[in-house]
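Here is my note on the model you asked me to look over. I have set it out as numbered points.

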Amino acid sequence: MEPLIRSAALTGYPELCRTLGVDPRTLLRHAGLGADALVDQDHWIPAPAVARVLEASADASGREDFGLRLAELRRLSSLGPVSLLVREEPDIRGVIDTLIRYERMYNEALRAGLHQAGATATLHVALDLPGVRDSRQAVELVVGAYHQIFVEFLGHRPRPRRVCFAHTPPADLATHHRVLGTSLAFGADFNGIVLSSRTLSAANTEADPVLRKYAQQYVDSLAPAGGSQDTERVRRIIHVLLPAGRCTVTEVARSLGTDRRTLHRRLARSGQTFTSLLNTARRDLARRGVADGRRPLAEVAQQLGFVSPGAFSRWFREQFGTSPSRWRAEQGGGQGPPTGSG
């Protein structure tokens, strides 16, 4: 089963590609990703596909530093809801612990760990990317993103001691020195960042303990636990498979490494069915697709897995009380459809 990642991981990707003279749509398409996958940062996409598109982009642009350049464009908000809690952690240790504890809420392929030995603390970073031969760019994106977060919180205080990569150095280290500093180690036995243990206690002067309490409650309410984890996984896989035209209960079960009967049984424990989850996902994608006046409705229908525009139109009327074409004409394609089921 392929791990998923929030499409926010590719924040700034189209702009960076154009700056380097390559076509982002072609590269995304060759990796099996549609350009519309980047419209919503909360959209979940296969992490191996992201790794492949990063490698292809580095090759096409001739830039070995592509992943690191993309890391420069990342913001803390790219983590989604987890960023609200990270901002209110009292110190760097809390920031790291939160990023690790909730990593599956923003990147299911990420495996990070913090190890402390005396005066040294080391953040180890690994990626689980089935079928991916070269993950150099993905590793540099993740390590670079962590480094950006540390720098943001540390300010002018002592920065990380060393940044380590298991792969070989690039021919040109200019970007690495600009983004990560000059204390770099290539050919190391791990990917990650080495800090002083004292740095872990560096205070986050902007933290608000009251806001942290509310942020903790909010993030915990979103984090899947127990039986709800299966439901959340199915939701994410449906969002991935729908645009590809492969969203059947059999295909979803196969993605989870199980069979149809087991999948139905797992969902039933959470009071859900595959049909209800599929319909919810279709409603969500329909809101976005119909709201985009530049997209033909036939394309929206195809993305949602309908055999014809007519079938999509009938379903849309049942869900929202009006036809997609009439709604788009009345609203000018600038707003979302009504939220009621009409």
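Predicted model: local features only at pLDDT ≥ 70, side-chain atom pairs only at ≥ 80, totals over all residues.

1. Residues are numbered from 1 along each chain as its sequence is written, and side-chain values use heavy atoms, with hydrogens and water left out.

2. An open sheet is formed by 5 strands in the order β3-β4-β7-β5-β6, with mixed pairing; helices (H or I, at least four residues) and strands (E, at least two) are DSSP runs numbered from the N terminus, and two strands pair if DSSP finds at least two bridges between them. At the edges lie β3 (110–117) and β6 (184–186), each of which pairs on one side only. From one strand to the next, the twist averages 15°.

3. Strand β5 (residues 162–165) pairs with β6 in the parallel sense over 3 bridges, and Phe165 has Phe186 in β6 as its bridge partner.

4. Helix α6 (residues 92–101) lies across β3, β4 and β7 (191–196) and runs at about 145° to β3. Helix α7 (residues 136–154) also packs on the sheet, touching β3, β4, β5, β6 and β7, and its direction makes about 145° with that of β4. Contact here means heavy atoms within 4.5 Å, and the angles run from 0 to 180 degrees between N-to-C directions, with axes being lines fitted to C-alpha atoms, for helices over the stretch in contact.

5. Thr120 lies in strand β4 (residues 120–127). Not counting residues up to four places away in sequence, Thr120 touches His115, Arg161, Val194, Leu195 and Ser197.

6. The second largest pocket is lined by 19 residues, of which Asp42, Trp44, Glu232, Arg235 and Arg236 lie nearest its centre. A pocket is an open set of points on a 1 Å grid over the protein atoms alone, where a 1.4 Å probe fits, with protein on both sides within 12 Å along at least five of seven lines, and lining residues have an atom within 4 Å of a point. Two or more lining residues come from each of α9 (209–222), α10 (228–241) and α13 (274–291), and α13 gives the largest share, 5 residues.
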